[in-house]
Amino acid sequence: MFCRHCGAKLPDIGPDERGASVCPRCGGALGSAAIQKQAAPAGLGLAEALCEICRRFGLDALRDGQRAVAYLADLAPGLKKEQRLLKLLFESGADKLLFEAAANSGGERETKLARARWRLTEEYWLSESAAEMVCDAFLYALCPEAAPEPEKPATPPVQPPKQAAKPQPAAPARSGANPTRASKKLERLAGTRGRIDRRANPTRAAKKTGSVLKRVIAAVFVIGLAVSFVIRFGPRTVTEGDYTFSVTKASAVLIEYNGSDTLIEVPGEVNGRPVAEIGEGAFAGNQSIRRVTLPESVAVIGENAFAGCSELRILVSGREEETEVAATAFTGCEQLSAIYTPNSDTTWISGKTGIIRLT
């Protein structure tokens, strides 16, 4: 069952409870008139699911990212990857460019669509195929006529049959001439001419120069490719609230915290990348924090990560596996009395001073 106010999926309830129940998402009353049974078509793709959302809830449902992702999860719960891509589409602001593309046509539409794809690939490190898929599906839901037509296979031209070369008649031999002697003389002349031509022919030098030039061009291309790879996929700094992260294509490292809260809960991901490390000196010298909760993804705590946090009392980690802890990670944390993890047998391995066993 679904709420007719916002479209949220509801658990089955009895007829006596409908008068007093409210929707957990929008708060609307769930009377018999406010509940409808909607069966989502089986095997929906992202484009079909977005079209179904527009059909049921109107075009405004795609202007609110939170609602659109929630509706997609209800209609097609198996599209986990597509749900994350749609969430990144709204976070990047590419949805506004696609609304502008839907309002235009021709070259202006293609320009807006290309900008939306570029924002996802360059700023959020999506692959070109993923960015193209989610942008095309979203634009198709806004205006189905924008779907590209499939290309027709090109028909290879028919080549006319080649005519066989006519045999040339052999030259008549002169009477009285020795064919063996004449053929040997021709072979000697041909060999001499070939040696003279190879010495005087500049083709060999030209080939050698061309080979060197090709190697130089290939080396310049490889260097340029390496530089562009480092620029595009190297680490970059991202700030969210009081946290500053160094984000790569695979993971993120917390490098600095500038807040003054006493209870800290480190985010589990940044821009879709898991936070895998508390960097060197990330919380060093903070006199406010008393309790810190780390997500399950944090596997490394670097040098002096919490050094000088004199008020830190409790550290909670959501990781069940072993965590690498630097020897100076908790230097000066005199009031640190307990470290909690889901698994009481977990140990944290220190890189320099042995093993820190949890209590």
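**Entry 1: helices α5 and α6**

I began with the residues R109, L113, A116, R117, L120 and T121 of α5, which meet E128, A131, E132, V134, C135, D136 and L139 of α6. I take contact to mean heavy atoms within 4.5 Å. Helices (H or I, at least four residues) and strands (E, at least two) are DSSP runs, numbered from the N terminus. By class, the residues of this contact divide into seven nonpolar, one polar and five charged. For these classes, Ala, Val, Leu, Ile, Met, Phe, Trp, Tyr, Cys and Pro count as nonpolar, Asp, Glu, Lys and Arg as charged, and the others, Gly among them, as polar.

I note that this is a predicted model, in which local features need pLDDT of at least 70 and side-chain atom pairs count only at pLDDT 80 or more, while totals for chains, interfaces and linings use all residues. Residues are numbered from 1 along each chain as its sequence is written, and side-chain values use heavy atoms, with hydrogens and water left out.

I then looked up the geometry: the axes of α5 and α6 come within 9 Å and cross at roughly 135°. That angle makes α5 oblique to α6. Axes are lines fitted to C-alpha atoms, for helices over the stretch in contact, and angles run from 0 to 180 degrees between N-to-C directions. Angles under 35 degrees count as roughly parallel, over 145 as roughly antiparallel, 65 to 115 as roughly perpendicular and the rest as oblique.

**Entry 2: helices α3 and α6**

I found that α3 and α6 pack at an angle of about 80°, with their axes 10 Å apart. The two helices are therefore roughly perpendicular to each other. On the α3 side, the contact is made by E82, L85, L86, L89 and F90, and on the α6 side by A130, M133, V134, C135 and F138. I recorded nine nonpolar, no polar and one charged residues in the contact of α3 with α6.

**Entry 3: the nonpolar cores**

Which residues have the most contacts inside the largest nonpolar core? They are L50, I53, L62, L86, L89 and F138, in a core of 42 residues. A nonpolar core is a set of buried Ala, Val, Leu, Ile, Met, Phe, Trp, Tyr and Cys residues joined through side-chain atoms within 4.5 Å. Buried means under 20% relative accessible area, exposed over 50%, and partly exposed in between (1.4 Å probe, protein chains only). Elements giving two or more residues to this core include α1 (46–57) and α2 (65–75). Its largest share, nine residues, comes from α6.

I also followed L89, which touches A94, D95, L98, L120, V134, C135 and F138, not counting residues up to four places away in sequence. A second, separate core of 32 residues includes V266, I289, L315 and A329.

**Entry 4: single residues**

Leaving aside neighbours within four places in sequence, K112 is in contact with L97, E100 and A101.

I next examined backbone angles. Most residues other than glycine have a negative phi. N271, in the loop between β7 (269–270) and β8 (273–278), has a positive phi near 55°. N271 is buried, with a relative accessible area of 17%. N304 also has a positive phi near 55°, and lies in the loop between β10 (300–301) and β11 (314–317). At 30% relative accessibility, N304 counts as partly exposed.
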